[in-house]
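Thanks, I will keep this brief.

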Amino acid sequence: MLRSEHLSGLTACEVWLKVEGANPTGSFKDRGMTVAISRAAEAGAETVICASTGNTSASAAAYAARAGLTAAVLVPKGRVALGKLSQAVRYGAEIVEIGGTFDDCLRVARELAAHHPVALVNSAGNELRLAGQRTVAYEVVDALGGAPDVHCLPVGNGGNITATWGGYRTYRDAGLSDGLPRMWGFQAAGAAPLVHGTPVAAPRTQATAINVGNPATWDGAVTARDESGGLIGAVSDEQIFAAYRMLARRDGVFAEPASAAGVAGLLDLHARGLLEPGLRIVVTLSGNGLKDLDASLRDGYTPRETPATTAAVARALRLA
Ligand SMILES: Cc1ncc(COP(=O)(O)O)c(/C=C/C(=O)C(=O)O)c1O
């Protein structure tokens with residue numbers, strides 16, 4: 001957990017960053033996947049299958065490799081960040097790039113699991129994934145000595161907002177925490193079915209991890225929003241990428257674009273005068289920036305090339 005002095009100063013709140021990019025495969029997916037794969041191995045599965053926008057497949061492939069299982073991963077062709085795809089390749093997954101959306105991939109994965117000896121490890125078909133993902137809330141309460149007033153995070157399929165809320169409730173019901181936060185989830189404006197209240201047939205966002213049109217954990221996300229007195233809002237790609245840049249430049253945290261949606265949402269509410277001062281806020285940064293190097297280099301990098309002389313470099317750096 002990192003306190004963001006920049007965001008705290010900007011919003012007159014106490015803003016903490018939960019850096020999930022520090023997990024073994026670089027996203028929050030590891031929390032649930034280690035549980036799901038362990039149980040699949042215990043049950044004698046030889047092959048696990050998942051649909052993914054990238055991070056689920058990277059995590060499933062890693063833990064399957066560790067457990068000696070085969071991982072079959074279905075990803076939407078051309079819409080997966082290369083860092084995530086390279087992880088699945090290196091961990092030895094059987095990768096199928098499907099000509100369609102993530103939602104098409106999930107439909108096929110479910111049908112295959114229903115008719116073939118493969119264990120589905122998507123959170124939608126596997127409660128163990130969400131049980132594992134609840135641990136983020138336990139760590140937040142342990143670190144802060146109590147529940148925050150608000151927990152912000154990006155929302156794609158709705159699994160993580162469901163699990164995070166479930167974690168706070170589990171800790172409170174066990175007497176390990178006194179309060180509960182409001183859950184503030186944020187979708188990309190071009191892929192915001194939970195905001196519109198209806199599926200989006202052709203979701204579109206450069207924050208590819210949350211490019212989902214029909215959330216598999218729809219009900220859980222709505223319950224987390226309503227039970228916590230929270231909200232699920234939409235932020236534009238411009239707002240997401242502005243937050244993405246700010247996190248790296250001001251807090252020194254390189255988070256992948258989708259990860260910044262929670263920060264973008266917080267800043268949007270503040271800009272619209274809807275953020276009361278003095279709140280203790282935790283923001284989940286869901287994945288590591290190294291996952292999507294194209295996004296980083298595409299976003300404003302201009303190479304400066306010089307001859308190998310000190311004078312030339314001094315000029316390039318405007319030192320001379
Ligand atoms: C970095 C990052 N941030 C946010 C989300 C949204 O979480 P959910 O709302 O629980 O879906 C994802 C999800 C990715 C996948 O669903 C997948 O990898 O298949 C992500 O990778």
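Buried, in what follows, means under 20% relative accessible area. By that cut-off, 55% of the 320 residues of the protein chain count as buried. Keep in mind that this is a predicted model.

First, the overall build. The secondary structure comes to 14 helices and ten strands. Along its principal axes, the C-alpha trace spans about 70 × 50 × 35 Å. The radius of gyration is 20 Å, which agrees with the value near 20 Å for a compact globule of 320 residues. Among contacts with a separation of 6 or more, 69% are between residues 24 or more positions apart.

Now the surface. The accessible area is about 13800 Å², and carbon and sulfur atoms hold 51% of it. On the charge side, there are 29 positive and 30 negative side chains, with the centres of the two sets 5 Å apart.

Which residues have the most contacts inside the largest nonpolar core? They are W184, I281 and V283, in a core of 34 residues. Elements giving two or more residues to this core are the strands β2, β7, β8 and β10 and the helices α11 and α12. Helix α12 provides the largest share, six residues.

How values were computed
Residues numbered from 1 in each chain as written. Predicted model: local features only at pLDDT ≥ 70, side-chain atom pairs only at ≥ 80, totals over all residues. Heavy atoms only, no water. Helix = DSSP H or I, 4+ residues; strand = E, 2+ residues; numbered from the N terminus. Rg over C-alpha atoms; globule rule 2.2 N^0.38 Å. Buried < 20%, exposed > 50% of the residue type's maximum accessible area, 1.4 Å probe, protein only. Contact = heavy atoms within 4.5 Å. Areas by Shrake-Rupley, 256 points an atom, 1.4 Å probe, with all protein chains shown as cover. Lys, Arg positive; Asp, Glu negative; His and termini not counted. Charge placed at Lys NZ, Arg CZ, Asp CG, Glu CD. Core = buried A, V, L, I, M, F, W, Y, C linked by side-chain atoms within 4.5 Å.
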